[in-house]
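Hello,

Here is the structure I promised to pass on to you. Please open it next to this email and follow along as you read.

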Amino acid sequence: MLSGDQVNEIIVEVENVPSGVQSHPSSSQIVPEKTLVNSSFSLVSSISDIDVTDSQIFSNWNDKKGKQFLWFSTPVNELFPQTLHSSESMGLDAPCTSHESIQGQKLIASLIPMTSRDRIKAIRNQPRTMEEKRNLRKMVDKEKSKQPRRILEFNGCAQCLNSISLAYRRSKNSLSELFNSISLWQKTLKVIGGKFGTSVLSYFNFLRWLLKFNIFLFIVTFSFIIIPQLTMAEKNHLQFTGLEFLTGAGYFRDTVMYYGFYTNTEIQNGSSGTSYNMQLAYIFTVGACLVVCFFSLLFSMARYFRNNFINPHIYSRGIAKLIFCWDFTVTHKSAVKLKQKNLSTEIRENLSEIRQENVKLTLNQQLIRFSAHLAAWVVSTGVTIACCVAVYYLAENNSEFLANHRNPGTVLLLPFVVSCINLVMPRFYSMFRLVERYEMPRHEVYSLLIRNILLKLSIVGILCYYWINTVALAGEECWETLIGQEIYRLLLMDFVFSLTDSFLGEFLRRIIGMRLITSLGLQEFDIARNVLELIYSQTLVWIGTFFCPLLPFIQMMTLFIMFYVKNISLMMNFQPLSKAWRASQMMTVFIFLLFFPSFTGVLCTLAITIWRLKPSADCGPFRGLPFFIESIYRWIDTLSQSRSYLWVVWIYQNLVGSVHFFFILTLIVLIITYLYWQITEGRKIMIRLLHEQIINEGKDKMFLIEKLIKLQDMEKRASPTLFTPERRDVEQSGPLRVREHDAARDLRFRRSVQEDNPKA
């Protein structure tokens, strides 16, 4: 074994080092590269693949043959103390440890010229413990600091890029830690996922995602619309009775809650201050919210689609991660139990999905199942059409009914009927599972999602048609405020029905299943119905933001309350799903349904409102204009008269106001979607072929092992005397002799492999 003085200074041979660098001779030992390659014990996994690209940071000199050498000093016993200690305890000879020390020095030599990002990545990929990696990083930094300053200087561009990269990584890590620290309900979500699986967890993840979405909408509308209006708001002289919380009328009519309260004049900041155009602020704020929502939905869909459909690791189902990996940083008893429950649930989901994929039906069973599915779809479609017709006739006669009944509570009739339909019909659809009997639970959830979204969004479409063609054209005073009140009542009634269903309906179902009809047992969480409730309420919020700017705040509060209500009800009244299944792709489906047809329908409704309908003449920021969009036209005409703002006019005329631009943008999005889909299909085929290849290779190896065992048995039977002396010698030698014999045999094997294949 090398002494401390011998390992402190090592010279590594490097070829093709540019000349012109000052040399620093030393009396240290010169280790040729061939010795490093032929070492029998490899301490670094990929030393031979690392090239010293920037050798100017080392001191070097030329020998007589023209070769150049790098010089540095590093105490290897400080760098790899555990490795050296383990080598000594195993009884290995000194040359092996010296080779380990030399290879450690070569690793440091290869890490010094790397950039910070490459160095961190290389150290992270080393097969070492965390303590050894930290020591390695410290020693590399120490050796780098010992080099002369003029050698360590980079050119200005490279140094600037390094600084920017380092600052970006630090800021990214800081933001990630900040977001993780303020992230809502992390522990609660882990408990839900461990007990009920990823399918139920996907609903709560979607609810949390919508909550963050509405927080952003509220911050934007509150900052640019509500606060400026509050600076010049007049005192409300209407009396507050408390019924306004249910009807949304009365006292709330003359507040910042509704469109009709906002002024159409410019808000002045003092006598000589700048003015704030409320018309432009109102329409630009709503437009900016819709644009941000559009790109956020697209980005979220692309991210979840890439993670859940394109990445190859999802098709392997993470079996290796589940079985062979354990987070040893988890030491708390409750955290360990929660981690074990999560792992067991994931393994159960994977095994259940593998078992369901292998189920094959006969032709007769397929025909019976197809007939059942067809009958269920015919019945569900007929019920949906009947509900939509009932809502349409009720909405058409609602104005006459309100005119004949002056009771303030009569305005709740339409929201009450709509909420009853939204509560009863999804439960009716859930009964079809008794007839359809899907083998894959995912297919059952998808079918329920389609039926529920057809029902709920058809009702929303009928209501939008009623508002645009009846309420807006009826000549009512401030029809925008009336529509805002209708949407507020629908949203509030839906929230009340959801709370009632969670506290009473699900609780009564638990009592019936546990005490009265024990054969029913506890119910399972209906993912499709609960997710469609969130999509329905979010659709109303998007439509109503134009008419009621405070709706995002109301939705934010309802989502916050619903999370705790649903969590308590889930733990008390529900049991885990009888058929476990992975729901890694459900978030992609949820966001896609939120984007289409929900958000696209909202865009169509607001586009018709802004471009085709005439604003009220006596209220709102757009009073006196023929159309809502006329405020933009007048603003563009004003800017066109100033040369400094001609670029804004060009952007509006060629991008925002151009049909061709949106056509090209839509075409690009469709092409990217098609390419992603093709990549997904190609990777599925590739992974299936690789799985088959792995299975075939395993069979080949088993066949060869069986043949090898048979040959060994035949040799032992043919010459049994050849094996007895060797076995006797091995038994008489102690444990140390056995280790030396194994080490020598391993050394011979590695050298023979390297001679046959130098690259290996």
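**What I found**

Leaving aside residues up to four places away in sequence, G513 touches T518, L520 and G521 (contact means heavy atoms within 4.5 Å). G513 belongs to helix α20, residues 479-516 (helices are DSSP runs of H or I with at least four residues, numbered from the N terminus). Because its relative accessibility is 2%, G513 counts as buried (buried is under 20% relative accessible area, exposed over 50% and partly exposed in between, with a 1.4 Å probe and protein chains only). Q523 is 10 residues from G513 in sequence, and their C-alpha atoms are 7.8 Å apart.

Before you go further, please note that this is a predicted model: local features need pLDDT of at least 70 and side-chain atom pairs count only at pLDDT 80 or more, while totals for chains, interfaces and linings use all residues. Residues are numbered from 1 along each chain as its sequence is written, and side-chain values use heavy atoms, with hydrogens and water left out.

Next, have a look at α17, residues 413-430. Its 18 residues should span 26 Å at 1.5 Å a residue, and the end C-alpha atoms are 26 Å apart, which agrees (the expected span is 1.5 Å times one less than the number of residues). Among the buried residues of α17 are L414, V418, I421, M425 and Y429. Down the axis, the buried residues of α17 fall within an arc of 155°, so they line one face of the helix (the arc is that of the directions from the helix axis to the C-beta atoms). They pack against several helices, including α15, α19 and α21.

How do α17 and α19 cross, and at what angle? Their axes come within 10 Å and cross at roughly 165° (axes are lines fitted to C-alpha atoms, for helices over the stretch in contact, and angles run from 0 to 180 degrees between N-to-C directions). The two helices are therefore roughly antiparallel (over 145 degrees). Residues making this contact include L414, V418 and I421 of α17 and L448, L455 and I459 of α19.

In α7, E132, K133, N135, L136, M139, V140 and E143 are buried. These cover an arc of only 160° around the axis, which puts them on the same side of α7. M130, R134, K138 and S145 are exposed on the other side.

How values were computed: Angles under 35 degrees count as roughly parallel, over 145 as roughly antiparallel, 65 to 115 as roughly perpendicular and the rest as oblique.
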